Amino acid sequence: MTWLLALKGKSGFSARNTAEYVTKGIDAHALTAIVTGPTSGIGLETTRVLALRGVHVVMAARNVEAANKCKETIINGCPSATIDVMELDVSSLHSVKNFANEYISKSLPLNILICNAGVMAPPFSLSKDGIENQFATNYLGHFHLTNLLLDTMKNTARSCGREGRIVLVSSEVHRLTYKGGIMFDKLNDEKCYNSFYAYGQSKLANILHAKELARRLKEEGVDITVNALHPGVIATNLSRHSSFMSVCLYGLFKHLQKNIPQGASTTCYLALNPKVKGVSGEYFADNNVAKPSRKAKDAELAKKLWEFGMELTKSK
């Protein structure tokens, strides 16, 4: 079944291509990017490849010590890399605001925002803000971060005359969620919690966020694109809480599993490749546009989620 990974899409790339391959020959020395969750898995590989292509990468990490070690490793392999480390816990709206304020105070440009950090199927818990943890980490923190940094991205796009790009890491698991898609009224109810459906819910929210933000930016005439993606089935520490996913990764779906360089390819493709210039509000997989679920295409649900997110973050 591994032949499936060799099929090329309209982009000319396939699931087998690595992040280095889909960005080959791209000179991105003029660009600055933020990557959340940059210390392991596809976040680390994304950081490495963007730095390799000349991007000034800001590693937005919860564990600053681990991020600095990763930075050293990357620079050892690519001495010309420009990397900074800043503290960010996307599960905490207070941390998100502090990070955004600090970033803005540095007067740095921002061309690319990669919302990669996430958790998968942990036992029920609430964030410091009293929000179900997967929703808080995978969606709400990134929603807040994007809004706080949006003016910086708009100013950068105008001043440099180059399209800004926002990349949201979602998942095919967005298809498996609660009835109605998002449990607005029972989001934090432990009795209703299903760890796997809650993960799907948070990843559906990522796609709806991309759709609605893309619509709003288009209406404003802003030169910033927003896209969501499925990285693929990858053996990373993200699935450490889920026995079900362990079965999928190491058993039934092993023949479809990607390695980490392949898993980071669609993220890097959306961040740097000129083939996606002007493409916004889409869902990608295997370096090509893919079809998301019916709920992920629901414009009214996307608007409702936007308003819900704004209400949860308005005083933060």
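**The largest nonpolar core**

Begin by selecting Ile34, Phe99, Phe135, Ile166, Ile182 and Leu305, which touch the most other members of the largest nonpolar core, a set of 50 residues. The model is a predicted one.

Now colour the elements that supply at least two residues each to this core: helices H4 (93–105), H5 (133–160), H6 and H10 (299–313), together with strands E2 (56–61), E4 (112–115), E5 (164–169) and E6 (224–230). Which helix gives the most to this core? It is H5, with 10 residues.

Return to isoleucine 34 and show what surrounds it. Setting aside residues up to four places away in sequence, isoleucine 34 touches Val58, Ala60, Phe99, Tyr103, Leu110, Ile112, Leu113, Ile114 and Leu149. Another core, of 36 residues, lies apart from the largest one. To find this other core, select some of its members, including Ala19, Val169, Cys268 and Tyr269.

**The whole protein**

Zoom out and switch to a cartoon view. There are 10 helices and 8 strands to find in the protein. The radius of gyration is 18 Å, close to the 20 Å that the globule rule gives for 316 residues, so the protein is as compact as a globular protein of that length. The C-alpha trace spans about 50 × 50 × 40 Å along its principal axes.

The accessible surface comes to about 13900 Å², and carbon and sulfur atoms make up 51% of it. Of the 316 residues, 55% count as buried. Among contacts with a separation of 6 or more, 76% are between residues 24 or more positions apart.

**Helix H6**

Select residues 195–220, which form helix H6. How far apart are the end C-alpha atoms of H6? They are 38 Å apart, and this agrees with the 38 Å that its 26 residues should span at 1.5 Å a residue.

Look at both ends. At the start of H6, asparagine 194 has a side-chain oxygen that reaches to within 3.0 Å of the backbone nitrogen of phenylalanine 196. Just after H6 comes glycine 221, with a positive phi of about 75°.

**Leucine 52**

Go to helix H2 (residues 41–52) and pick leucine 52. Is leucine 52 buried or partly exposed? Leucine 52 has a relative accessible area of 32%, so it counts as partly exposed. Leaving out neighbours within four places in sequence, leucine 52 is in contact with Glu20 and Cys78.

Most residues other than glycine have a negative phi. The last two stops depart from that pattern.

Select serine 107, in the loop between H4 and E4. Serine 107 is not a glycine, yet its phi is positive, at about 55°. With a relative accessible area of 64%, serine 107 is exposed.

Then select aspartate 286, in the loop between strand E7 (283–285) and strand E8 (288–290). Aspartate 286 also has a positive phi of about 55° without being a glycine. Its relative accessible area is 29%, so aspartate 286 is partly exposed.

Technical notes:
Residues numbered from 1 in each chain as written. Predicted model: local features only at pLDDT ≥ 70, side-chain atom pairs only at ≥ 80, totals over all residues. Heavy atoms only, no water. Helix = DSSP H or I, 4+ residues; strand = E, 2+ residues; numbered from the N terminus. Expected span 1.5 Å × (residues − 1). Polar contact = N/O pair within 3.5 Å; in protein donor to acceptor, adjacent residues only side chain to side chain. Rg over C-alpha atoms; globule rule 2.2 N^0.38 Å. Buried < 20%, exposed > 50% of the residue type's maximum accessible area, 1.4 Å probe, protein only. Contact = heavy atoms within 4.5 Å. Areas by Shrake-Rupley, 256 points an atom, 1.4 Å probe, with all protein chains shown as cover. Core = buried A, V, L, I, M, F, W, Y, C linked by side-chain atoms within 4.5 Å.
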